[in-house]
Amino acid sequence: MSKTFAEFFAGIGLMRMGLEKAGWQAAFANDIDEDKWRMYRDHFGETTDFVLGDVHQLDPSRVPSVALATASFPCNDLSLAGARKGLAGRQSSAFWGFIEVLHKLGARGPPLVLLDNVTGFLISHDGSDFREALTALNRLGYAVGAFIIDAVRFVPQSR
Ligand SMILES: C[S@@+](CC[C@H](N)C(=O)[O-])C[C@H]1O[C@@H](n2cnc3c(N)ncnc32)[C@H](O)[C@@H]1O
């Protein structure tokens, strides 16, 4: 299981690109978008079990035992640019589908979880969305920390 990860909300695999550089190995990926799945597959080949479909419908038996689960869940309802419906919004509520998968994995769940989102997550609904998300992870047994990274440290764009 050492340095293996399951990539939720995988999109075109940017999380994977970063983690592979740090010696991690992708064992599983999930995303709902067929176009992104094609790009992921064209770039990485058939090297990973990629389940194309809604995380809310994901059969947890498809998820292998891994050291880390990453979740770059949709930011549309959390971003300062959006309507700010938060984790109850149509797209960002996919976070709860991810939590349900972790719950169903039970003792087989990954010891590490990495969420990735916009800073608007911190202040969505005056912070209550962030608090709810952390509490959900706490209930599953995870201790949680948060940090902000400005992309400008790596690319010519501050976000
Ligand atoms: C912020 S993007 C993640 C981008 C990703 N890190 C990448 O490298 O492309 C959120 C992703 O969640 C996916 N998504 C949205 N709703 C979903 C759902 N219900 N189940 C699974 N994936 C979903 C979208 O297709 C999108 O690729």
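A polar contact is a pair of N or O atoms within 3.5 Å; within protein, one must be able to donate a hydrogen and the other to accept it, and residues adjacent in sequence count only if both atoms are side-chain atoms.

## Model and terms

This is a predicted model: local features need pLDDT of at least 70, side-chain atom pairs count only at pLDDT 80 or more, and totals for chains, interfaces and linings use all residues. Residues are numbered from 1 along each chain as its sequence is written, and side-chain values use heavy atoms, with hydrogens and water left out.

Helices (H or I, at least four residues) and strands (E, at least two) are DSSP runs, numbered from the N terminus. Buried means under 20% relative accessible area, exposed over 50%, and partly exposed in between (1.4 Å probe, protein chains only).

## Helix α2

Asp-33 caps the N-terminal end of α2. A side-chain oxygen of Asp-33 lies 2.9 Å from the backbone nitrogen of Asp-35. After α2 comes Gly-45, with a positive phi near 75°.

Trp-37, Tyr-40 and Phe-44 are the buried residues of α2. They cover an arc of only 60° around the axis, so they sit on the same side of α2. The arc is that of the directions from the helix axis to the C-beta atoms. An α-helix has 3.6 residues a turn, so residues three or four places apart point the same way. The buried residues of α2 pack against β1, α1, β2 and β3 (49–52); contact means heavy atoms within 4.5 Å. The face turned away from the buried side carries exposed Asp-35, Met-39, Asp-42 and His-43.

## Helix α1

Helix α1 spans residues 14–21, and its Met-15, Arg-16 and Leu-19 are buried. They cover an arc of only 95° around the axis, which puts them on the same side of α1. Leu-14 and Lys-21 are exposed on the other side.

The cover over the buried residues of α1 includes β1 (4–8), β2 (25–31), α2 (34–44), β4 (68–71) and β5 (112–115). Gly-23 follows α1 and has a positive phi, near 90°.

## Ligand site

The ligand is surrounded by 17 residues, each with a heavy atom within 4 Å of it. The closest are Ile-12, Leu-14, Asp-31, Asp-54 and Val-55. By class, the shell has 8 nonpolar, 5 polar and 4 charged residues. Ala, Val, Leu, Ile, Met, Phe, Trp, Tyr, Cys and Pro count as nonpolar; Asp, Glu, Lys and Arg count as charged; the others, Gly among them, count as polar.

A polar backbone atom of Ile-12 is 2.9 Å from a ligand oxygen. An N or O atom in the side chain of Asp-31 is 2.7 Å from an oxygen atom of the ligand. For a polar side-chain atom of Lys-36, the distance to a ligand oxygen is 3.1 Å. Taken alone, the ligand exposes 600 Å², and the protein buries 80% of that. Areas come from the Shrake-Rupley method with a 1.4 Å probe; for residues, only the protein chains shown count as cover.

Most residues other than glycine have a negative phi. Phe-9 is not a glycine, yet its phi is positive, about 55°. Phe-9 lies in the loop between β1 and α1. Its relative accessibility is 14%, so Phe-9 counts as buried.

His-125 also has a positive phi, near 50°. Its loop runs between α4 (120–123) and α5 (128–139). His-125 is partly exposed, with a relative accessible area of 43%.

## His-103

His-103 belongs to helix α3 (residues 94–105). At 48% relative accessibility, His-103 counts as partly exposed.
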